[in-house]
Amino acid sequence: MPAWGGKASVLGNNPLVIAIPREGGHVVLDMAMSQFSYGKMQEYELKNESLPFPGGYDEYGNLSTDPSIIRKTKLALPIGFWKGSGLALMLDLLVVALSGGNSTGQITASIDETSVSQCFICIRQPNMHAQLINHILEYIKSESGVSSDEKVAYPGERTLQTRLENEKTGIPVNEEIWKQVTAMFK
């Protein structure tokens, strides 16, 4: 992604993942530093659909909802504009400082993505205060959605619902991608 105010792709789109274990469905925030992950932009592109919100910049520096243009320019819009740009930079600095691995700049200059900086922090807390966590989730879910068919969901809730549905009915696959995959094995 570009640094805020820049026009070159110099920041990593490293994921930030935070998970809170919980009976009945963990709360899992798994997010890219861009407004839309490149995988999500590809999904929109394969459906020949525009993004619902601007997701990056075109070749002229204008905000765009066209996922193919954004994927081509590699100028994804950082989440939270300058705040997301700053968070992406701080994540790069933090994981390099903690792991000693390669920075986004070193990875970009390299042919292979090796020695990538990653940091995993796990805190074991046997009593996760389940009642307090459930109270918070019930509170946010008590709010009405922006439309009658929209429901407020906690991070990871929709992914859990999709997983459970896929376990019952099978995993939906984009037909064009499936053709490309099966062609590799012919």
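**A walk through the predicted model**

From the N terminus on, the elements run β-β-α-β-β-α-α-α-α-α-α. That gives seven helices and four strands. Helices (H or I, at least four residues) and strands (E, at least two) are DSSP runs, numbered from the N terminus.

This is a predicted model: local features need pLDDT of at least 70, side-chain atom pairs count only at pLDDT 80 or more, and totals for chains, interfaces and linings use all residues. Residues are numbered from 1 along each chain as its sequence is written, and side-chain values use heavy atoms, with hydrogens and water left out.

Now the overall dimensions. The C-alpha trace spans about 50 × 40 × 40 Å along its principal axes. The protein exposes about 13800 Å², an area from the Shrake-Rupley method with a 1.4 Å probe; for residues, only the protein chains shown count as cover. Carbon and sulfur atoms supply 57% of that area. Of the 186 residues, 22% count as buried. Buried means under 20% relative accessible area, exposed over 50%, partly exposed in between (1.4 Å probe, protein chains only).

Next, contacts (heavy atoms within 4.5 Å). Among those between residues at least 6 apart in sequence, 40% join residues at least 24 apart.

Charges come next. Lys and Arg count as positive and Asp and Glu as negative; His and the chain ends are not counted. Each charge is placed at NZ of Lys, CZ of Arg, CG of Asp or CD of Glu. The mean positions of the 16 positive and 20 negative charges are 2 Å apart.

Finally, one residue. Asn 166 sits in helix α6 (residues 157-169). Asn 166 counts as buried because its relative accessibility is 18%. Leaving out residues up to four places away in sequence, Asn 166 touches Ile 171 and Pro 172.
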